[in-house]
Each structure stands twice: as C-alpha cells, then as structure tokens.
Amino acid sequence: MKKILVVDDSPDWRNTHIFALKYHFGKNVEIHSANSAKQGHLIITKNMFAPYDIILVDMEMEEDFTPLYAGEWLIKQIQSLSEYSNSKIFIVSSVGEIAEMAAKYGVNYIPKDKCEDIMEYKFNE
C-alpha cells in the first residue's frame, strides 16, 4: 500500500489531487493532507518511522519563508531526514520556474495546468 501526503493551501487543489490519486491507486493507497508547509512538516515528522512513499508539495503557500517559497522550505526539511531518503517528492505548482526548482532540489514536478488537463480528460468525459 502506498502512503501519500498532499500539501497544498487550496482545499480545491487538495481534493483534486486526492481524487486523482485514489483513481490511480484504487484501494492500495493511504492519503493524508496538509494545508500549509508548517502542517506538512509536522505530519512528516510524526510519521518518520512510517515515512510517506510520495509527497506532493505546492510551492506558494504561507509567506513565512521568504525568500524561499514555503514549498521549497518543506522540501529542504524533508530531504534533511534520512528516513525520507526513499520518498518521491513532486512539486505540483503553477510557479513559472517549476522545472528549474525541481532540478535544483532533485525532485519531480507536475505543473498545475497539466493537472487541470488530466482532470478534464479523465474525469469529465
């Protein structure tokens, strides 16, 4: 069973990601969510002995981490924990420099506009 964390300040986007993940993984998924980078960090640290397999992180959430995006701060925190060395991190954001940010942190990325395309194709047929 995959264990996934979705971190996004938008309830609509959290629900979209959760819906798509459940569609993809079926019953073989346990999904948790957080509405901020700080809440995501708290959930991650509480689950260090049963780490998440996949973590989806929005970039633009609370503004407490300037000059970093909140999502960048969270990625750095996750990557500092050896328990999460096998976790796959995906930036899911609408920031223009998403590919560069993903390369900088060695993570995967999905532009949010592609998520909208997938949702329309898969779920609104």
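Tutor: Let's begin with a definition: helices (H or I, at least four residues) and strands (E, at least two) are DSSP runs, numbered from the N terminus. With that in hand, Ala102 belongs to helix H4, which spans residues 98-105. Residues are counted from 1 along each chain as its sequence is written, and side-chain values rest on heavy atoms, with hydrogens and water left out. Do keep in mind that this is a predicted model, where local features need pLDDT of at least 70, side-chain atom pairs count only at pLDDT 80 or more, and totals for chains, interfaces and linings use all residues.

Is Ala102 buried or exposed? Its relative accessible area is 2%, so Ala102 is buried (buried means under 20%, exposed over 50%, partly exposed in between, with a 1.4 Å probe and protein chains only). Leaving aside residues up to four places away in sequence, Ala102 touches Ile91, Val107, Asn108 and Tyr109; a contact here means heavy atoms within 4.5 Å. Lys76 lies 26 residues from Ala102 along the chain, and their C-alpha atoms are 12 Å apart.

The protein has 5 helices and 5 strands, arranged along the sequence as β-α-β-α-β-α-β-α-β-α. Of its 125 residues, 44% are buried. Among contacts with a separation of 6 or more, 66% join residues 24 or more positions apart.

Another helix, H2, shows how burial can be organised. Its buried residues are Ala37, Gly40, Ile43 and Ile44. Viewed down the axis of H2, these buried residues fall within an arc of 120°, so they line one face of the helix (the arc is that of the directions from the helix axis to the C-beta atoms). Their cover includes strands E1 (2-7), E2 (29-34) and E3 (54-57), as well as helix H3 (70-79).

Between E3 and H3 runs a loop that contains Pro67. A cis peptide bond links Thr66 to Pro67, with omega about 15°.

Finally, a word on confidence. The predictor's confidence in each residue, pLDDT, runs from 0 to 100; the protein averages 90, and 91% of the residues score at least 70. Among the elements, helix H2 (residues 37-46) has the highest mean, 98, while helix H5 (residues 112-123) has the lowest, 60. Over residues 121-125 the pLDDT is below 50, and beyond near neighbours in sequence this stretch has 7 contacts in the model.
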